[in-house]
Amino acid sequence: MKKNRLIVRTAILAILIAAIGYTFYINFFKKDEVIAVNDNAINFEIKDINTKKTYTLSDQKGKGVVINFWGSWCDPCKHEMPFINKVYQEYKDRGIQILALNANESPFVVSKFVSDYGLTFPVGIDKDQNILDLYGVGPLPTTFFVSPNGKIKRIKIGEMTEESFREYVKEILPN
Amino acid sequence: MENFKCECGHMNPIGTVICESCGKPQDDNSNLLDMKYEGTARRSIVKNKTIIDKIWNFFSSVKIAIVIILITLIASALGTILPQRDLLPPTANPDTFYKDTYGVFGQIYDWLGLDNTFQSWWFMLLISSIGVSLVICSLDRIIPLYRALKNQRVTRHTNFLKRQRLFKISSTKNEEEQLNLVKNRLEKKKYKVREENGNLLAEKGRFSRWGPYVNHIGLIIFLFGVLLRYVPGMYMDKAMWVQEGQTKEVPGSNGSYYVQLHKFIFETYDVKTENKIFRKSIERVGNDRIPKNYQANVTLYKRVGNPIPGEDPKLKKVKDYSIKVNEPLQFNGISLYQVDYRLNEMTAFSFDLMNKKTGELFGPIKVDLSNPKAIYQIKPGYKVELKSYFPDFYFNKAGEPDTRTKNPNNPAFVFKMTTPETPQGEVAFVAIRQNIEPNGQNKYKMAFAGLETKNSTGLSVNKDYTLWVLSIGGAIFMIGLIQGMYWYHRRIWIQRQNDEIWVAGFTNKNYYGFKQELKKIFNDTDILMPEDQVLDKKSINTGGEHVSN
């Protein structure tokens, strides 16, 4: 009788604690990020604004891929572009691909930006910011570094420096 | 040892106030009995304590429950003094808002974390504690109470009778006849009468005693429904904006549904078109000032196939619908409600190429603000090139024209105009009410020729599979409340002691009504109406007090 009571009490308390624990976990500990480091990068495709060529992420297997989300009104994005372009030139023959996704601006603005900055890597328009939402991007710029095996190696929110960017690119260089 | 023995021989759990079997009060005074929980021991009063028992005991205390509820009340009240962080105006900077707006008080408020009361871990902990306390308090009391009422004996200890609020001793010659009379009357009043050795126990409305527990079950189900919201897929509350002509993905539908807005309609009450009897009411606010209708005419599409994100989806029309306030578009568990709107958003500017001297106009050209073209050919020899476009124009730190956002809130353009007269081209900077010519005197200018605007609708995207749980919880809550409020548990003990007849009465509420009923029952009999021992002492009318569970 006494033993039973202890078992029943333990069971009831366990159920209550489980329910509360779950709520706390969801509210306070679970990260809101849609994508985390070591996840597989979600596949997408973009059309380069200049060449009209379509790039699909899954076709880049074996390459280290840098996915950069940017907007022409965002000053840190403007600071980054020249050195991203420079580092791309250094590493493009060693298996690094850069895909830049503009946050749903007009083609006129994007092509002008690309030609003003002389960008040599593919730049596409993320229509309605669908891919941006899929990747759970908050502030711009946000850059994802994808390893040759298709897994996300690093997520960098905010502006990078040339040195740090080069380091991150080296992390995803194919062997 | 956790039991003790009553003089009748029954073993009672520790903490028992009134013997479960004979009803003898275990204290030795003559005060009125506290009939709470029928004088049973709460189940948590045990000597041997494990950690589980200790937690259980903590939450089984009504005093603790009251303290938790009070703290929650105070915290909720404090949380409403200043606006919560997530409800600040969009232009405010939350980090400085409290200090700037409310001074030191605001700073303290922010520092204490009261700016985020209702989403904080400690508030959630308080609410969960109330839930735990609700479950444990209820269980701890309803089980012994149920047992006590189910097993109650007709013959009770004389001390039990004496110490009921309504009590009287009478004597009569023909006990049998008088008792039968009373018994019949009690049964007519729908009392359940049990007999044992010539003693009577009449009882009705025991069902009322379960009211608070039914009520608590409702609350627990309600709280469970609130918890369910956090289970993925059960609840969603998102928002989307669509401009006229646009087709947008419905957030939270995993890209499988799209909505296209054809037209957003905003109507007001106009005295000319409304019935004359409304004239006064309308004019009190002002004609054309009272909103009548917010309506979004949309088409719902379903995506066909499974395209890669970024690829243009193939869409199949599902249906046309007019979303109005309280008339949501519903599909696949999702409801789209009309909640917000923006009227007359700039979408295109028209310009004429104008010869400043002659005033001759060429054009017009229409510049789509969300998708401008690079070259506008007017006619052979006459063309306008767009050199730069700033959707939300301002001068940046370097003093150059720049854009603050990508939204066309304040569009500005750099045009290059080429005509047979000016084959080299002339450059002009054109913004709203501005026309700057960097090269001095141009022969031509871009003359503003018109503005195209569109409306947008703000829709909330809702999914809620917890509503039925909340409704059931709420309904049970109400049933419990009604059960406990509108029924009374009334009991009358009539016992023969030698030549005397002892009568005692108990009700969990409304002694006034109980006494009125008893008056009719004992009217014209030899058995005297029981006296109200509280009223006799205090000599005040206490109709509805002394409510006990």
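Helix axes are taken as lines fitted to C-alpha atoms over the stretch in contact, with angles running from 0 to 180 degrees between N-to-C directions. In the predicted model, helix α1 (residues 51–60) of chain B packs against helix α4 (residues 121–150) of chain B at an angle of about 95 degrees, the axes lying 8 Å apart. Because angles of 65 to 115 degrees count as roughly perpendicular, α1(B) and α4(B) are therefore assigned to that class. On the side of α1(B), the contact involves Trp56(B), Phe59(B) and Ser60(B), which meet Val132(B), Ser133(B), Ile136(B), Cys137(B) and Asp140(B) in α4(B). By class, this contact comprises 5 nonpolar, 2 polar and 1 charged residues.

The domain assignment divides chain B into domain 1 (42–149), domain 2 (211–232 + 469–483), domain 3 (235–344 + 458–463) and domain 4 (346–452). Between domain 1 and domain 2 of chain B, the C-alpha centres are separated by 19 Å, and 5 residues of domain 1 are in contact with 5 residues of domain 2. The side of domain 1 of chain B that touches domain 2 of chain B contains 3 nonpolar and 2 polar residues, with no charged residues.

The model as a whole scores ipTM 0.80 and pTM 0.73. The mean pLDDT of chain B is 87, and 96% of the residues score at least 70. Within chain B, confidence is highest in helix α9 (residues 467–486), at a mean of 95, and lowest in helix α11 (residues 533–538), at 69. Over residues 539–549 of chain B the pLDDT falls below 50, and this stretch has 18 contacts in the model beyond near neighbours in sequence. Where pLDDT is low, predicted coordinates should not be read in detail.

Note on methods: Residues are numbered from 1 along each chain as its sequence is written. Chains are lettered from A and ligands numbered from 1 in the order in which they are written. This is a predicted model: local features need pLDDT of at least 70, side-chain atom pairs count only at pLDDT 80 or more; totals for chains, interfaces and linings use all residues. Domain bounds come from an automatic or database domain assignment. Two residues are in contact if their C-beta atoms, placed from the backbone, lie within 7 Å. Ala, Val, Leu, Ile, Met, Phe, Trp, Tyr, Cys and Pro count as nonpolar, Asp, Glu, Lys and Arg as charged, and the others, Gly among them, as polar. pLDDT is the predictor's confidence in each residue, from 0 to 100. Helices (H or I, at least four residues) and strands (E, at least two) are DSSP runs, numbered from the N terminus. Angles under 35 degrees count as roughly parallel, over 145 as roughly antiparallel, 65 to 115 as roughly perpendicular and the rest as oblique.
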